[in-house]
Structures are given as structure tokens and as C-alpha cells.
Amino acid sequence: MMLALIVILPLIMAAFLALLFRNNGSIVKYTALAASIASLLLIIYLYLSIGSGPFSPQSFQWFSLGNISFNISIITAPINMFLLLLVGIMTPLIFLYSIGFMNMQSQQARFYFEMSIFAAAMMLLAISASLITMFIAWEMLGVTSYLLIGFWYWKEKPPAAARKAITIILIGDMLMLVGILLIGITYGTFEFSALFSAAPTPALDTALLLILLAAFTKSAQFPFHEWLPDAMEGPAPVSAFLHSSTMVKAGVFLIAVLLPLYISAGLLPVMLIFGLISAILGVSNALAERHIKKILAYSTIEDLGLMFVALGLGSLFGAMLLFFVQTFYKGLLFMGAGSLMRANNEREDIFTNYSSATNKLIFVPIVIGALSMAGIFPLSGVFGKSAIASVAEDTNILAYAVLVLLGLGSSIYIFRWLFIPMSKPFKDEKQIEVNYRITPKTMIAAAIVLAILVIIAPIFYAYPTLLTLGIFSGSSIPLNEMAEVSVIALVGLAIAYRIYRQGHALHVASANRPLYVAFYNSIIVNGLYLYLAKAVASAADAAGYLDLKLDKLTYSASSAMLSVGSALRKLVNGQTNVYVAAFVIGIVLLLALFIW
Amino acid sequence: MAQFIGILLVLLSFGIVATIFSSERMSKTVASAFSLLALVVVAAAFFYMLQTGSVNYTENYSYYITQPSISFGFQFSPISFVLVLMTSIVSFVTLLSGNMENENRKTSSMLILLFELAAIGLFTSGNLFLLFIFWDVGVISLFFMIYLLGSSNRRRAAVKFLIYELFASLALLFAIMLVYFYTPLHSFDIQYIISNAGLISLPVQALIFSSFFIAFLINMPVFPVHLWLPDAHTEASTQGSMLLSGILTKFGGYGMILTFFMMPIAAHLEVPIAILAGFSAIYSVFVLMTQHDIKRIIAYSTIVEMSIILVAIASFNQFGISGAAYGMLAHGLTIAMLFLAAGSIGHMFAERDIRNLRGVVRNALSTSYTFLAGVFATTGVPLTAAFVADALIFMGAIKTFSIYGAIPLAALLLLGAFLYYVVNKSMLSTREYSRNPRFISRSQKAGYAILLSSIFIFGVLPFLLLNFFSNI
């Protein structure tokens, strides 16, 4: 009955095998790869066997109390199958890439264990049909991402990055839990399908707002976005996975599934505004950042912001289309960044990295990814951007203007990212060239497959049922919009070429300070986080002080008792004359009492 | 009708005697064997109950004091059964793996069995008189655990613990006496009191309730009477800490639930009690952040969790009460695991200060990951028992107190954030410091495995226990 759950089974088994054979890295990595391929095959089978609807969820009771039953519910409607397929395609590619990337690393078993659970959690999220099922997957994603970001715990930065991520994710989890329980108490059910037909109440609006905020934390939207650039401390395959199909996409996907509820609750402007702010912050920071992976991380924030903008404009089509194409190009770019860093002895700064064209199999996919990301026709990226732009043009002209600027900015920063490492290195050129030549073939193969996917993804446009099960059919993108996006991207390319390729980079890099901070505002946001943390710490200090005082108070109460005791003890000092005197005084007082 | 409780108590009594008469070397094995037998009996009772589908039953033994009428009666309710299950698991693991120093094996094993006996007796006693006796036996045995087996500064902490607990005990006795004299038939019987306490006049009820409330508040412990707990934990041995946080604090939680059932006046006091408990949760999580000793940190987390459980009890509906019981189960298992891991770290590195511990994972892999799993279980990650508990607790709280009932989640959030900080600072980090690490014994790994698997079993299969709560 719960047939679809079988897709996560191979990965779970691979995770347990990784625990069993934790001392044998080679078994573990091939099992994980085999399991992910098995998952993909199962997903494809499900895909082919899926009917034409109506799609109803299947559920079984996990536990129940009173009249409320906590169900594990899954559904294989087109939108769920769409995400499932994306994750299913990405997982083997990422694992393939990992085999090369991690080949010299220790603790591979732990890596594949965590990655398998991570992928399985995202697959569960893709097919979940109730808030409880979704929350299980949601928290599993958070926990495993914490472990994966901090994978290299023996280095300096990853533990702090992991901590930052889990703290923000925890905020989201708690908000989400409140929202879910509020819905459970109000409606007595956690099923999505029941919620769509439920009568709206103020409690539902509150819960939806809380869930939206939780989605913002997961999908790295303002003001919760700064964990994502720090998460780059994890291994490159983790970044590629996290940014393309898992984790950060969970928030967008959840809101997309619940979009009808948000439309009736009137929360779309919130998404639009926060999405725009996030996209602007993402672009501006990406323009100023120098860390090769953090630039891509900020660009992910921008992409996710754009998806929320699309959702905020009520366009599921635009959001899902960008969701679809972004998966491939972002995965590809991160794989490329990983290869670059590996060849450059783990240097992180784009100004000290050197991307050689020696190994064209590495270089060409990166260029394809960058062109696609900028939005140059006919690579897949342009479809997502123009779909959103066309919706914005029809409904909200202000948002459209911002989107045009963002398109220009994102084109500039991605070509900046591409061009700066292309200049000749200052030293150890030979070594880097050799490193490029000996890049593991699995890493190259995974990137090439993704590059091909980036190129051929637009066929969904011709055959809407292929890959996307027709969730995009019925909507179309005007050709002039695609032309506009491409032209903007080309303008950005020209500007970036002029500034960064022709050696004007130094002038821009040494730009004056206020402008730099205005762009690189992550300093401010991180300062804000730090300020909050300090506020909590000083509250903690105050409470700790109070606790000590309270302890002192109980001690002074007990010493007060003691002093009463020692005062009384003086009366019992064993001197007969005092006793006799007391006796006589007592008798006199007694007599006085009687007489009076 | 099987006589599970009688068998359990007799078995444990024999165990105590056998431990006393066994040699120092064998005592731990003997005591563990008896504790394991007790666990088997509880498991048998569990299967029996799964088959009959109901957990409610009573056992009466023909031992009567007629004037005042005190029967030797026991009962299983869903709440008490859950707690007995937790007690038997935690006690067994404590005996099996808590004593890594291998010091005072005989004394500690004997005291742990005595405490297990007291705890099982308390959770199942059918009348308040027995409950009081078992309460004091439990407190005294733990007092000796700390007083005889703790670290250097133990005596002061033990006496502090004893004073607080004796005060609680006196308040409890006072309440019990009042209940006895003011119920129409002069009875100690809990079921009778639950159905007849409404006849007591309101001022007397208020007095009884506040007396019970103070007693259980001290034991839980909740602000402002929580101060005995951190000190007791810092000084107690690993075994003492496991029992203190794992089981002893549940005396208070169980008593508090009973009080809410017994005294109808409690329904009027839900909001102030919830405010106190919510404040206590948030206050103690802030105090927790200023601590450096890893055992003290975990000790304060107990206060946070028990305060949240008090919020659930105060919400006093089906979700809240079931959530509180399940939360005590989850918390007992989790905190025992955390204390076992913390004790192991203290033993291995002769250091418990998180400012000095670095890269524990290099020397103590299983301990570090067990601690991490304990942090997951504390923050209520799904598939651990705490998730079920948290979901029920906050459903109950939101039901009674509307959205304000969710405020204590902020405490859980801060607790989680700080515990992750501890993990990243001390365990999963670079190694700068470690002093003569020792190896970890097999029995201790078994202890981790038992507690971890219990946490996951009750997290993945919550329906096993929660079905019993359907008509609370």
C-alpha cells in the first residue's frame, strides 16, 4: 500500500551497511552508489507506472491519541514525483562525484552514512502528504545537514559553521512544530488534503505564517540566510547536494505544495517582499565575495529568493520551473568549484585560484553551467528566469524592474566568478596543471552528465510530460521574455569581461569601503546574529547571577536558623545559678499572672 | 491475574539480600542479574498488557492494618506502567555500566537495587501511605549514594539534597495526613481519593494541594526550589547522577500528575502553575548557558525538561498528561544516556570542563556519538521518543493555553542550541588537549546500546505504549 516508500529503502540499507563496514571505505562507497542507482530505477519505475489521477494520498496510522491520529501519509502526485525524480537523478551523480572527491579522505563510511540518510530524508519529504511525515523528513534533513556541514570537524571553521546552521535550522524546526501542532489541535488532522478543504480560521493563518518562517530558515531567506554561505565549510559534494536538490529546496517545495492555502490566507506579499530582499542580498554579496564557493552560495540565496518571488506572485509555474533548472546548473557549478579547489590545493579565494583550460572536460562543463546560470538562450537557466520575469511583468511592475537589475547583477557575478580564476597563477603553475590532469574521472563524469542535463533540460518545453509529468503544461513563456533575459545576461557578460577579464579587477577590488560594505552586507547581518547571541549570553549571565544569589539566600536562611540555635544554646549553659534564677523568675511571673 | 508487581518487589528484595551476601567482586554481577530479571518481568507484564489491551489493574495482598485502614495494594495505570518500564531499563543500565571506576561495587549495587525497589514501589503503590514509605526509601538510598560514593565535596551536596528532600517529604506527609482526615471514609487509597476528594471543602483542598505541590515541586525540581539538583549532580558518581535525574525527578512528576487527578481544585490553578513552569524552563536554560561543567549542564537540562513536563501536566488534558508521561520516559532514558556519556568523559580525561575538553571524538568515538544522539533526543528529533513526547506535550499546552502554551519551546530551542555548541566545542572539534585517555569497557558500550535502542524503539513505535493512554 505504501509502495512509494520503497524508493528510500536502498539508501537506508546503504546507510546501515556503511555502519557495518565502517572500516572498509571502498565497499561503502560502491554500496552507496549502487543504492542510489537502485533508488533512481525504482523512481523511474514509479514514474512510468503513474496513472493520470486523481491522486489520493495513502496513509497508515503511526499512533493516535484521543481523536487525533498521527499518520504517515505519502502521495505520488505529479509535483511530488517531479521533486522525487530530481533528487533521484542528483543522488547517484553526487555519489559518483564523491567517490572521486573523497578518495583520499578519512572517515568515508561516516560520509556515505550521512549522505544516504540525507538523500532518503529529501525523498521522503518529496512524497510526504501530511505535516507529520513532512516534519520527520524536515528534521532529518536538518540533523544530517548539521553533521555533513561539520564533517571535517578537525578543521577550524566547520564546527562553527555547523553550529550556526543548526541553530538557525532549530529556530525553524520549533516554529514549524508550533505551526503543525496548532493545525492539529484546530482541525484534528495533519493531512494536506484535509487542509485544502478545511474552513479557514485565524489559527490556520498563524500556523501558515509560522510554517512560512520555518521555510525561510530552511531555504535561507532573509533574515535567516547567513547560515548558507557558512555551510560551504562542508565537503564540495555536500554543497552540491545541499544547494541543488536537497535541504534548501525543502522550504520552497513545502510552500509550493501548500500554495492554495497561502493564497487564501493572503500571505503572498510576505513571500514576495522577503524573496525580493533575499535575492537582492544574494546578488550584492555575491558581487563582493571572494570565496569561490560562497559566491555560489549567495547565488543560491538569490535563486531561492526568486522562487519565493514567483510563489509570492502566485505563479507555481515560474517557481517550479526555476526549481527544476536550478537543480542542474547549481549542482554543476558546485562540482566545478570543488574540482577547482581540489586542483588548487584547497585554496578558497577566487583571486588565488586558477582555473586551467588544460583539462577541457573540467573547464567546459563549468562554462556551460555559468552560461546557463546567467540565463543565456538556449541553455536551461533562461527558462526559469524568463518565466518568473514574464509573470512579474504582468502583475507587479516594480518587482519586474528589480528582477531585471538582479538578472544583470547575477550575470556579472557569475562571470566574475568564471573570469578571475582564468588569469595566470603567480606560482606553482606546473603543479596546478598536473592536479587538473589527475582529477579523478568520477568527478569529471558526474559534472559532464550534469552539463548534458543542463543542455537538454529544455526538452521538457517541447514534451511537457517528459521529466516533469506535465506540471508545466498549459503555461508558456513568451519568446520576447527569453530574448530579454538573454540580452541582459549578455550585457552582464560584456561588463564582467571588461572589468574582470581585461584586468580591471584590481580597481574594483580596491573600491572604497562604504560601497564595499553596502554590497558585502553579510558583515552587517552576521554582526546582527552575533549581537543576538550576545544578548542571549548576557541574559544567561544575569540568570546565572540570580541563581547564585538564590543559592546564597538559601544558605543565609540556613545560617539564620543556626544563629537562632546558637542564641538559644546560650540559655542551656550548665550553670546552676542561671537555671535557678530562671526558675525563680518563672515562678514570680506565673504567680503574677495568677494574681492578676 | 498475574501478580507482576508482587513478583517484582520480592525479586528485588531477594536481589538486595543476595548482593549483601555476595563478594565485592561478584556483587555487581549479582545485582545486574537481578535487575535484568526485573526488566524481564516488566517486559513480560508489557506483553501481557499488549495482549489484554489494557494496562489498568490492581494487586492486593492480605496485609491490612485495620485502624487506620492501610492495605498493601498496588496498581498499574498507564502512567505508572510507563515509569516502571523506564525505571527498570535505567536501573539495569546504571548497574551494568555506570560504575566505570569499579569502586565500592557492593555498596553501590545494593543501593541501586534498593532504589529500584523504591521507585517501582512508588510508581505502582495503590495508596498514599505506601507511596510515602517508598518515597523516603528512595530518597534515603540516593542520599547514601551521594554521601558515600560521590566525589570530594560530596558530603555538603548530599546533606543539601537530604534537607531539600526531607522538606519535600514533610510537606508530602502533611498533605497525606490532611487527605486522610478530610476524606469521608478516612482512606489512603488513591482511587478512592480521586473519586471523593471533591467532597473536601475548598480551603482545605487548597491547603492539601499546595502542600502536595510544594513537595513535588522540590522533587521535580522546578524554580525556585531547584538548587539541590545541580550540586547533587556535580558531586554524585555517574551512577548517582543517572538515578537522580533519570528516576528520582520522576517521583515528583508522577506525584504531580496524581495531585492533579486527586485535587479538583487544581483545575483553577492551571494558568499560574503553567506560568511558573514556563518561567522555570526559560530561566534554567539561561542558567545552563553559564555553566562549564558538563555534568552541571546536563543537570540544568533536567530542570528545563521537567519544567516543560510541568507545563504539560498543568495543561491537564489527555494530550498533556500522556505527553508528560511519555516525556518522563523519554527524558529518563535520554538523561541517563547523557550522564553515562558525561561520566565516561570525566573518567577518561579526568576533566569535565567544556572549556578544556577538545576533540573528545578522537579518543572516545562511541561516547561522543552517543552524546550527540542524546542531544538529538533532547531536542526532539523525530524517531526519538522525545519527539512523540514533545508533540503531545505542546499539543496539550496549546489546547489549554492557546498559542501561549508553545512559549516553553523557546527554552527547548535555546537548550538545543547550547548543547550543539557543547558538542562542537568539546567533542567534534580539533584535538588540543586530552590527558591519558583510558579505554571504554564493553559493558559501558552495552549500556549505550540499550539506552539508544530504547530511545529509538519508543520513538519509532510509540503506539505500543500510547494505545494504553486512549482513555485517560
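Pro221(B) is found in the loop that runs between helix H8 (202-219) and helix H9 (228-235) of chain B; helices here are DSSP runs of H or I with at least four residues, strands are runs of E with at least two, and both are numbered from the N terminus. The model is predicted, so local features need pLDDT of at least 70 and side-chain atom pairs count only at pLDDT 80 or more, while totals for chains, interfaces and linings use all residues. Residues are numbered from 1 along each chain as its sequence is written, and chains are lettered from A and ligands numbered from 1 in the order in which they are written.

The peptide bond between Met220(B) and Pro221(B) is cis, with omega about -15°.

Two other loops of chain B hold a residue other than glycine with positive phi. His186(B), in the loop between helix H6 (154-182) and helix H7 (190-196), has phi near 50°. His186(B) counts as exposed because it has 12 C-beta neighbours inside 10 Å; a residue is exposed with 12 or fewer other C-beta atoms within 10 Å of its own, buried with 20 or more, and partly exposed in between, the C-beta atoms being placed from the backbone. Phe316(B) has phi near 45° and is found in the loop between helix H12 (294-315) and H13 of chain B. Phe316(B) has 21 other C-beta atoms within 10 Å and is therefore buried.

Chain B as a whole has 19 helices and two strands. Buried residues make up 64% of its 472 residues. Along the principal axes, the C-alpha atoms fill a box of roughly 70 × 55 × 45 Å.

Chain B meets chain A through 40 residues, which are in contact with 39 residues of chain A; contact means that the C-beta atoms, placed from the backbone, lie within 7 Å. H17(B) gives the most to the side of chain B that touches chain A, with nine residues. That side divides into 30 nonpolar, nine polar and one charged residue. Here Ala, Val, Leu, Ile, Met, Phe, Trp, Tyr, Cys and Pro count as nonpolar, Asp, Glu, Lys and Arg as charged, and the others, Gly among them, as polar. In H17(B), 16 of the 19 residues are buried.

The largest nonpolar core has 412 residues, and Met123(A) and Leu333(B) are among those with the most contacts inside it. Such a core is a set of buried Ala, Val, Leu, Ile, Met, Phe, Trp, Tyr and Cys residues joined through C-beta atoms within 7 Å. H13(B) supplies the largest share of this core, 20 residues. Leaving aside neighbours within four places in sequence, Met123(A) is in contact with Val7(A), Ile8(A), Leu84(A) and Val87(A).

Definitions and conventions. Contact = placed C-beta atoms within 7 Å.
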